[in-house]
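Opening the notebook on this one.

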Amino acid sequence: MRLLLKALPVLLLSFFIGLAQAAEPALLTRFVPDRSLDEVSDTLKQAITSHNFTFVREQAIDSRLVPVDWEAKSVRIVYFCNFNMMDAALQRDLRTAQIMPCRVTLIEGRQGVEMVAVNPAWVSEQWNAPGLQPHCLQLKRDYLAILEEAAL
Amino acid sequence: MKMPGTVLALIMLSAQVVAAPLSASRAGNMQTALDDLSTVLLNHGYTLVKVQPVDQALVKRGFADPGIRLAFVGKEEQVRQALASDPALLNLLPLRLTLEDDQGRVRISSDDLAMWRENLPSSVEVLQGWEDELAAILSDYAGQ
């Protein structure tokens with residue numbers, strides 16, 4: 001009993017850290033109703049540029065896996081990056097290569113287009129890398145700002 | 001009283017366990033590593049979709065060379081699997097490998113797919129299948 005009481009603050013701290021970690025969703029999503037994939041792709045690329053990121057490339061989800069004519073028309077990937085952030089991130093931790101370059105997946109349905117990105121703050125939680133978390137939270141905010149602007 | 005405390009501590013510790021990505025290393029430089037990797041990928045029915053020369057892109061802009069390149073790899077079947085299992089899996093495709101220049105050797109690491117298994121419980125088998133294939137690819141790369 002005494003041992004448990006001694007360990008209680010540590011256990012409670014771990015518990016609340018765990019709760020805080022669970023708060024980050026794995027994916028960041030925004031749905032854009034009544035617009036085509038091409039339209040959302042265009043506004044997304046404008047939002048990328050206006051937030052000081054560089055558009056890298058755009059491709060179908062199955063690009064180079066099937067002949068060009070057979071590529072999926074309804075799922076597209078848009079890649080982008082910020083070279084200053086890329087350099088700083090790699091100097092901090094080479095694992096950040098796993099979230100490079102930045103990426104949004106566009107999925108077109110009957111009602112509109114879903115924009116989806118992997119949440120970098122969730123990834124750094126999974127790595128148990130508290131030193132990276134403030135930077136990943138900033139990148140998450142950048143993603144959300146870009147998605148918001150693209151959805152306008 | 002000891003037992004619940006121990007169980008609680010174990011549960012909390014297990015939540016903090018960090019899964020490691022798959023990794024393999026062999027002697028060579030970036031170019032030979034990419035050549036070797038391309039051959040191994042073909043043998044496993046994979047396609048090298050794109051190489052992202054992060055090292056060259058950063059050096060060209062005046063930054064230090066991180067000695068990193070990214071290779072995006074995949075199979076058509078994986079897109080079908082993702083659509084059938086959980087569209088969230090599309091965010092992992094094409095699969096990413098990180099090539100790291102390490103003093104005369106090049107280490108190739110996969111993304112950590114294990115961390116997605118908890119998040120996408122309905123896709124555990126699909127993820128495990130992809131992970132097994134990447135493990136075989138990296139094993140062949142190391143043993144070439």
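Predicted model: local features only at pLDDT ≥ 70, side-chain atom pairs only at ≥ 80, totals over all residues.

Sheet first. I looked up the strand order in chain A and got S1-S5-S4-S3-S2, an open sheet of five strands with antiparallel pairing. Strand S1 (27-33) and strand S2 (54-60) of chain A are at the edges with a single partner strand each, so one side of each has no neighbour in the sheet.

Next, one pair in detail. S3(A) and strand S4 (residues 102-108) of chain A run antiparallel and are joined by six bridges. I picked A:Arg76 and found its bridge partner in S4(A) to be A:Leu106.

Then the helices on the sheet. H5(A) packs on it, touching S1 and S5 of chain A, and its direction makes about 5° with that of S1(A). Helix H2 (residues 37-50) of chain A lies across S1, S2, S3, S4 and strand S5 (112-118) of chain A, at about 10° to S3(A).

Last, helix H3 (residues 83-92) of chain A. Which residues are buried there? I found A:Met86, A:Ala89 and A:Leu90. Seen down the axis of H3(A), they fall within an arc of 95°, so they line one face of the helix. On the other side, A:Asn84 and A:Gln91 are exposed. I also looked up what the buried residues pack against: strand S3 (75-81) and helix H5 (133-151) of chain A, together with helix H3 (54-60) and strand S3 (68-74) of chain B.

Technical notes. Residues numbered from 1 in each chain as written. Chains lettered and ligands numbered in written order. Buried ≥ 20, exposed ≤ 12 C-beta atoms within 10 Å, placed from the backbone. Helix = DSSP H or I, 4+ residues; strand = E, 2+ residues; numbered from the N terminus. Arc of directions from axis to C-beta. Contact = placed C-beta atoms within 7 Å. Pairing = 2+ DSSP bridges. Axes fitted to C-alpha atoms, helices over the stretch in contact; angles between N-to-C directions.
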